[in-house]
Amino acid sequence: MSKATLVIMAAGIGSRFGGGIKQLEPVGPNGEIIMDYSIYDAMEAGFDKVVFVIRKDLEKDFKEVIGNRIEQIVDTAYAYQEIDDLPEQYAERSKDRTKPWGTGQAILCCKDVVDTPFLVINADDYYGKEAYAEAYRYLTEEKQAEKMEICMVGFVLKNTLSDHGGVTRGICHVDGNSMLTDVVETHGIEKRNGGALICDGEQEIEADMESVVSMNMWGLRPDFFQVLESGFEKFLSDIEVGNLKTEYLLPTIIGGLLQEGKIAVKVLGSKDKWFGVTYKEDKDSVVSAVRGLVDAGLYPEKLF
């Protein structure tokens with residue numbers, strides 16, 4: 001059987017979660033966290049290695065809550081995303097910065113521990129079983145393409161909103177052959193009166209609830225690390241010294257590569273309902289949703 005790796009991005013602090021580490025919040029009947037369910041679904045689909053992207057200062061807590069357990073059941077590795085992990089000539093760019101450089105840097109950190117096709121996910125998002133099965137099937141097929149081809153699991157916007165505030169989603173344009181033509185990172189998408197609004201400053205724009213959106217679930221191959229590496233250097237050279245907020249983000253990177261005609265992106269669909277702990281108030285609904293999935297027989301009472 002072909003091998004594939006699950007890469008879990010867990011270096012974020014979770015500032016909207018009251019300062020706590022939202023990725024490590026228990027939501028299952030036996031203290032399981034969302035990552036437990038992601039790993040369970042990925043292994044069931046065929047993935048045989050897990051790489052956690054974390055910060056060094058989270059390592060002790062992270063291993064106690066999940067890492068030490070997962071190491072007992074599947075090949076596990078760690079990659080560390082740090083603010084000062086930059087090419088030497090750009091070292092000054094990290095001065096006074098308090099947050100990592102975004103999802104593009106997070107994946108680049110994995111280049112020494114990932115050597116198979118891999119699926120990228122967020123630590124605090126529950127994606128559903130269908131997404132992993134579709135991604136594994138795609139990643140383990142032989143590909144003969146004229147240009148680099150990757151995949152993205154697309155979700156329906158209405159299945160990915162929080163009841164407790166705005167969320168960021170990559171709104172996608174997809175052609176009739178299920179190929180991505182554009183992805184726009186969109187902030188402040190809120191549920192409102194049965195619909196969705198993009199709240200951009202003082203302006204409110206209606207969003208199509210049936211839109212395909214990216215939830216940072218990308219299927220990539222090791223040659224993509226070279227693309228990220230050269231792109232990160234260009235990103236760093238272009239930003240002004242003292243810019244403390246700009247991030248190197250996967251949707252933006254991939255959108256740019258699409259516009260330049262350098263890659264093709266196959267969109268795999270999932271009708272599963274997303275849930276996640278974006279806000280502190282989300283936790284009760286996530287606990288309830290997990291309980292429902294266990295009661296429906298989709299997961300055992302105790303996962304591992």
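Mentor: Let's start at Glu229, which sits in helix 5, residues 224-238. Keep in mind that this is a predicted model. Glu229 counts as partly exposed because its relative accessibility is 36%, between the 20% and 50% cut-offs. Setting aside residues up to four places away in sequence, Glu229 touches Leu108 and Lys111. Asp200 is 29 residues from Glu229 along the chain, and their C-alpha atoms are 32 Å apart.

Now for another helix. Helix 2 runs over residues 59-70, and its buried residues are Glu59, Phe62, Ile66, Gly67 and Ile70. They span an arc of only 110° around the axis, so they end up on the same side of helix 2. The general idea is that an α-helix has 3.6 residues a turn, so residues three or four places apart point the same way. On the face turned away from that buried side you'll find Lys60 and Glu64, both exposed. The buried residues pack against helix 1 (34-45), strand 2 (49-54) and strand 3 (75-80).

Phe62 turns up again in the largest nonpolar core, which has 45 residues. Phe62 is among the members touching the most others, along with Leu6, Ile8, Met35, Phe52, Leu119 and Met217. Helix 4 (residues 129-139) gives the most to this core, six residues. Apart from this core lies another, of 41 residues, including Ala77, Ala79, Ala106 and Met152.

Terms used: Residues are numbered from 1 along each chain as its sequence is written. This is a predicted model: local features need pLDDT of at least 70, side-chain atom pairs count only at pLDDT 80 or more; totals for chains, interfaces and linings use all residues. Side-chain values use heavy atoms; hydrogens and water are left out. Buried means under 20% relative accessible area, exposed over 50%, partly exposed in between (1.4 Å probe, protein chains only). Helices (H or I, at least four residues) and strands (E, at least two) are DSSP runs, numbered from the N terminus. The arc is that of the directions from the helix axis to the C-beta atoms. Contact means heavy atoms within 4.5 Å. A nonpolar core is a set of buried Ala, Val, Leu, Ile, Met, Phe, Trp, Tyr and Cys residues joined through side-chain atoms within 4.5 Å.
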